[in-house]
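Hi,

Here is the structure I promised to pass on. My notes on its surface charges and aromatic rings follow below.

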Amino acid sequence: MLKIDEGEAITHGLISRAIENAQKKVEAHNFEIRKHLIEYDDVMNKQREVIYTQRREILSGAELRESFLEMMDENVEDLVEAYAIDKVIAEEWDWEGITKGVHQSFGFQFDVPEETMARLTPENFRELLREKVHGVFQERLESFGEELTDHLIKVIMLQTIDAQWKDHLLSIDHLKEGIGLRGYGQKDPKQEYKREAYQLFMDMITRIRQEVVEKIFWVQIAREEDVHEIEQQQRKQRLVFNLSEDVPQQPAKSNKVGRNDPCPCGSGKKYKKCCGAQ
């Protein structure tokens, strides 16, 4: 115990140097934390700029259909790379997976004749699938009309980007919380953050592309007569429901004979003194 009065300054050189060194270490540590946070924010700012640029282009309506056609072709390319294996005959490809993937992404059943399948390679399979997908989209374009189709593409793109961006921000927050633990594995947390944040961003871009294409190919436009018919059915249901509420509920009648009621055998006696006495 140092015999120093309370409030008296400690002026020993050794203690002063120790406190000064501790302050320098704490300040340096805090500076590194702030520097890393700024670098983390720089990564997010670059990603944010990409997303905001896409949204501005969509809102301006610049070449939306061309962008959507590129998304379609990229989805076709993903299916080809996933299932069309080079140096493997087409009959041995995973046709169940191909059919399921095409139906999920583009909303139609993809059937290939056996004589065509025997001649398939990854290259001509890509062209065959691409031609079929563009044909189905052209049919929907003629059915919906160009103006409505472009409007659907615009709305669905914006909704999908906004929803996926929110999920991405949440994933980035979770990444920041645990990125410091990479240091225990002899890895640079900053470099690991950049790498994993970039991978999360690219996964988000892929999900946006796939979801936009799926929604455009699966969306259905209700006709006026269909809407009118649905409204009539709903009105009938509401009317039946309201009428059922207005009808008073009748108490359920019991077939049990009371003890003081006339006996159902027709003797004229009370039930308790006739059949009920047995």
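Lys273 sits in the segment after helix H8 (224-246); helices here are DSSP runs of H or I with at least four residues, numbered from the N terminus. Lys273 is exposed, at a relative accessible area of 63% (exposed is over 50%, buried under 20%, partly exposed in between, with a 1.4 Å probe and protein chains only). Together with Arg259, Lys270 and Lys272, Lys273 makes up a positive surface patch. Patch residues have over 30% relative accessible area and no salt bridge, with like charges joined within 9 Å; a salt bridge means a side-chain nitrogen of Lys or Arg within 4 Å of a carboxyl oxygen of Asp or Glu.

This is a predicted model, where local features need pLDDT of at least 70, side-chain atom pairs count only at pLDDT 80 or more, and totals for chains, interfaces and linings use all residues. Residues are numbered from 1 along each chain as its sequence is written, and side-chain values use heavy atoms, leaving out hydrogens and water.

A negative patch is formed by Glu57, Glu63, Glu66 and Glu70. Glu70 belongs to helix H2 (residues 64-83) and is exposed, at 51%.

On to the rings: the whole structure holds ten aromatic pairs (ring centres within 6.5 Å; planes under 30 degrees apart are stacked, over 60 edge-to-face, the rest tilted). Phe106 and Phe217 pair edge-to-face, 5.4 Å centre to centre with 80° between the planes. They join helix H3 (residues 95-106) to helix H7 (residues 189-218), 111 residues apart. Phe106 is buried at 1% relative accessibility, and Phe217 is buried at 3%.

Best wishes

Key: Patches are made of residues with over 30% relative accessible area and no salt bridge: like charges are joined within 9 Å, nonpolar side chains (Val, Leu, Ile, Met, Phe, Trp, Tyr) within 5 Å. Accessible areas come from the Shrake-Rupley method with a 1.4 Å probe; for residues, only the protein chains shown count as cover. Lys and Arg count as positive and Asp and Glu as negative; His and the chain ends are not counted. The place of a charge is taken as NZ of Lys, CZ of Arg, CG of Asp or CD of Glu. Helices (H or I, at least four residues) and strands (E, at least two) are DSSP runs, numbered from the N terminus. Rings of Phe, Tyr and Trp (its six-membered ring) pair if their centres lie within 6.5 Å; planes under 30 degrees apart count as stacked, over 60 as edge-to-face and the rest as tilted.
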